[in-house]
Amino acid sequence: SEMSKILTILPKDDILKIKLVRWGFVKKPFYVLSVMKRRQGCQSGNKYEDLGWWDPSAREDGNTHFGIKLERLKYWMAQGAEPTDKVYGLLGQAGILPRRPLPPKLKESKGDEDIKWRPELQKN
């Protein structure tokens with residue numbers, strides 16, 4: 001098929017990404033989830049397929065809306081396409097992918113802990 005021809009043409013080191021491409025108007029964003037090469041600019045128009053959409057502006061019900069072609073997403077991820085961090089977060093919120101764990105929280109320093117490593121700040 002045509003899709004298998006495209007995938008055989010791609011160099012092995014050229015990674016496919018699932019990216020958000022911005023559409024919409026000023027202060028009214030609307031995003032389309034597209035499969036494209038990793039180094040391809042989002043606005044270039046060179047994409048393989050659109051997989052879904054995301055409307056981040058809240059509607060009357062107070063929710064943002066997200067639509068996805070789940071079978072096509074599974075297909076492209078099986079072909080090696082990796083979602084960007086933002087797309088991964090959206091898919092995690094939708095329950096399609098597992099959520100990434102939160103980074104560990106660091107303890108707040110008291111300010112005088114750094115002095116022992118900096119002799120110029122120590123009081124004699």
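The largest nonpolar core of this predicted model has 16 residues. Those with the most contacts inside the core are Ile18, Leu20, Leu33, Val35, Leu51, Trp76 and Val87. The elements that give two or more residues to this core are S1, S2, S3, H2 and helix H3, which covers residues 85–94. H3 gives the most, with four residues. Such grouping has a general background: in soluble globular proteins, nonpolar side chains tend to be buried together.

Next come the strands. S1 and S2 pair in the antiparallel sense, over ten bridges. Leu20 has Leu33 in S2 as its bridge partner. Both Leu20 and Leu33 are also on the list of core residues with the most contacts. The hairpin of S1 and S2 has two residues between the strands. In this hairpin, Lys27 takes a positive phi near 65 degrees.

S1 also pairs with S5. These two strands run parallel and are joined by two bridges. Here the bridge partner of Ile18 is Pro83, in S5. Ile18 is another of the core residues with the most contacts.

In general, side chains of opposite charge can pair when their charged atoms come close. The model has two salt bridges. One of them joins Lys17 to Glu82, with the closest N and O atoms 3.6 Å apart. Lys17 lies in strand S1, residues 16–25, and Glu82 in strand S5, residues 82–83, so the pair ties together parts that are 65 residues apart in sequence. Is Lys17 buried or exposed? Lys17 is buried, because its relative accessible area is 18%, and buried means under 20%. Glu82 is partly exposed, at 36% relative accessibility.

The other salt bridge is formed by Glu49 and Arg72, whose closest N and O atoms are 3.0 Å apart. Glu49 sits in strand S3, residues 49–55, and Arg72 in helix H2, residues 70–78. This pair links distant parts of the chain, 23 residues apart. Glu49 counts as buried, at 15% relative accessibility. Arg72 counts as partly exposed, at 29%.

Now to the rings. A pair of aromatic rings is described by the distance of the centres and the angle of the planes. The structure holds four aromatic pairs. One of them is Tyr31 with Trp54. Their ring centres are 5.4 Å apart and their planes lie at 25 degrees, so the pair is stacked. The cut-off behind this is simple: planes under 30 degrees apart count as stacked. Tyr31 belongs to strand S2, residues 28–37, and Trp54 to strand S3, so the pair ties together parts that are 23 residues apart in sequence. Trp54 counts as buried, at 11% relative accessibility.

What is the arrangement of the rings of Tyr75 and Trp76? Their centres are 5.4 Å apart and their planes stand at 75 degrees, so this pair is edge-to-face. An angle over 60 degrees places a pair in that class. Tyr75 is partly exposed, with a relative accessible area of 24%. Trp76, in contrast, is buried, with a relative accessible area of 0%. Tyr48, Tyr75 and Trp76 form one aromatic cluster.

Key:
Residues numbered from 1 in each chain as written. Predicted model: local features only at pLDDT ≥ 70, side-chain atom pairs only at ≥ 80, totals over all residues. Heavy atoms only, no water. Salt bridge = Lys/Arg side-chain N within 4 Å of Asp/Glu carboxyl O. Buried < 20%, exposed > 50% of the residue type's maximum accessible area, 1.4 Å probe, protein only. Phe/Tyr/Trp six-rings, centres within 6.5 Å; stacked < 30°, edge-to-face > 60°. Pairing = 2+ DSSP bridges. Core = buried A, V, L, I, M, F, W, Y, C linked by side-chain atoms within 4.5 Å.
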